[in-house]
Amino acid sequence: MNKNKHLTLEERIIIEHKLKERETFKGIARELGKDPTTIAKEVKNHIQFRKSGCYGRNFNDCLFRKDCTVCHLCGNQTCKRYCSFCQKYYCSTLCSFYQKEVCQRLLKSPYVCNGCQDKNSCTLEKRIYSAARAQKEYEDVRSESRKGVQLTEEEASRLDALISPLIKNGQSLHHICVNHMDELMINERTLYNYVNAGLFTARNIDMPRVVRMGKRKRAKNEFKVDKKCRIGRTYQDFLKFMQENPGLIVVEMDTLEGKKGGKVLLTLHFTIPQFMLAFIRNSNTSQSVIDIFNWLYLKLGTNDFCRLFQVLLADNGGEFSNPSAIEYDLQGNRRTYIFYCDPQAPHQRGAAENNHLLIRRIIPKGTSIDHLTQEDINLVMNHINSYRRPNLGDKTPYEVFASLYGEDLLRKMGAELIPSDNIILRPSLLKK
């Protein structure tokens, strides 16, 4: 048996072909010289979910779809078709009788619809194994696993507490590694990379010899909590998800830096009303982002949070690399969906980037925000959200948000409307 070998594209094509022939995992494993559990894990790890109907019938996974006579869910009183046959599929979002049906055959081997004889007449959600898609996902994970920093936040904090004070006392990393070899258990070259990546309080400027040496060109090291976080959450997945679920609220989230190495802001931009929230964080870690979403979840309540934060669109920063902790609450209930923009594509979050320009009028780039509090940040955002926009019909983001979701939610999030003549978009707003 061929052990400790990754599956190749040719082997994945064989798996896909055999699944269509309704071959068992054991039979496929025998032909490929693999263990049956290897084949089972391969199939389950690369399942594609497709909301597709069948010939002449649209997608509909409602338990009562066959006998349903509900009409006019969309408000079109002239329509003579039952909503269960509608191409726009309003059942799951508007019908109070909707209950999702999952095919019982998918709960056991082979877990996919590839070889199902009823696939061409089924309107339920399909689960498909595709060799090409599985190979691409495998290559993405393999590439991602070879990048970034292999370090947890707890381990980074432990090393920082040991190394940074000694570096600031003038000691070299070589000297520190020799004297604390048993405590560090990390290669000296790796520690230099960690300092250069900004993971510790100490910086290259604290090491005179490093400052004198020429800077080497290297790929940027990114601290990723979950290196598989982008799988199923790419920008293409986002576009497909929004096409299948039109009308969902999209919130663009980003990080705005003050002075390098200091406090940062988490910005949450509601694209339709152009309303933005901002929260100050002591450090740019994934846990600080998670803490803010947990606070919002408790402050707003389950229903209001899930109504406002339906879809989150983020960049590829390490602070957003633990999506599961944001998507699910502490009890494991889903509360939102997260997707990632393509690398170096800020135009995919253009609305948030444009709003950042207003923040930069008050907090210029490179200005330290270490002395500011959340009340100061709320004041900044209140002035920005009270600023009238031509593309909102000369309304303010505050007014548009209030008309869509109510002023009670705004008060819960600390938002206030500033009189037009009192709005200040200058650094003088924060002078005390």
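Predicted model: local features only at pLDDT ≥ 70, side-chain atom pairs only at ≥ 80, totals over all residues.

Start by selecting Arg 349 and Glu 353: they form a salt bridge, with the closest N and O atoms 3.3 Å apart. (A salt bridge here is a side-chain nitrogen of Lys or Arg within 4 Å of a carboxyl oxygen of Asp or Glu.) Arg 349 is buried at a relative accessible area of 5%, while Glu 353 is partly exposed at 25%. Buried means under 20% relative accessible area, exposed over 50%, and partly exposed in between, using a 1.4 Å probe and protein chains only.

Numbering runs from 1 along each chain as its sequence is written, and side-chain values use heavy atoms, leaving out hydrogens and water.

Next, pick Arg 233 and Glu 327, whose salt bridge has its closest N and O atoms 2.9 Å apart. Arg 233 sits in the loop between helices H10 (208-212) and H11 (235-244) and Glu 327 in helix H14 (residues 323-327), so the pair ties together parts 94 residues apart in sequence. Both residues are buried.

Last pair: Arg 133 and Glu 137, a salt bridge at 3.2 Å, N to O. They're four residues apart in helix H5 (residues 131-145), about one helical turn. Helices are DSSP runs (H or I, at least four residues), numbered from the N terminus.

Notes: Helix = DSSP H or I, 4+ residues; strand = E, 2+ residues; numbered from the N terminus.
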